[in-house]
Amino acid sequence: MTMFKKTILASLLVFALPAVALAAEGYMFDVEMFPAVVEQVLEIVNLLIALLAGIYAIKLAALSQGGSMEKTWNTLAVVAILFVLIEVIGALKEFGVVHIGGLGEIAELAFALTFAYCLFFTKKDLLKKTLGQ
């Protein structure tokens, strides 16, 4: 295991595990940064930005068909669509339209897995191209 991987693992253990332990006990601190109106405006802005990012990711994936990074762009387009889905689910919940418990977490898991997969095979592909294997 490389030093970089050990550092990431140690960081996760140091920062993530205490947060999980505190979350299991309930909120230790409850602070509101913005009024509800500002949160709703930010939710709309996030949703619009996510939709634009999704549209552009699909357009970039379409432009890269047949290129050397086709698989990367296609997977990043899927990641962008999953991000849009996460934002739509969040907006629907924020505005009280519909809430399906666990759906957001499933979308986030799919997003994280797809993004990690994309980074993994892109690194592997780039190393293969640079090392000439």
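I began with helix 4 and found Gly104, Ala107, Thr114, Cys118, Phe121 and Thr122 buried (under 20% relative accessible area, with a 1.4 Å probe and protein chains only). Helices here are DSSP runs of H or I, at least four residues, and strands are E runs of at least two, numbered from the N terminus.

A note on the source: this is a predicted model, where local features need pLDDT of at least 70, side-chain atom pairs count only at pLDDT 80 or more, and totals for chains, interfaces and linings use all residues. Residues are numbered from 1 along each chain as its sequence is written, and side-chain values use heavy atoms, leaving out hydrogens and water.

Next I asked: what do the buried residues of helix 4 pack against? They pack against helix 3 (70-94). I listed the contacts (heavy atoms within 4.5 Å): the helix 3 side includes Leu76, Leu82 and Ile86, and the helix 4 side includes Phe111, Phe115 and Tyr117.

Then I looked up the geometry of the pair. The axes, lines fitted to C-alpha atoms over the stretch in contact, with angles from 0 to 180 degrees between N-to-C directions, come within 9 Å and cross at roughly 160 degrees. Helix 3 and helix 4 are therefore roughly antiparallel (angles over 145 degrees).

I also checked the length of helix 4: its 29 residues (103-131) should span 42 Å at 1.5 Å a residue, and the end C-alpha atoms are 42 Å apart, which agrees. The expected span is 1.5 Å times one less than the number of residues. After helix 4 comes Gly132, with a positive phi near 70 degrees.

Last, the whole chain: I noted 4 helices and 0 strands, and 17% of the 133 residues count as buried.

Notes:
Buried < 20%, exposed > 50% of the residue type's maximum accessible area, 1.4 Å probe, protein only. Parallel < 35°, antiparallel > 145°, perpendicular 65-115°, else oblique.
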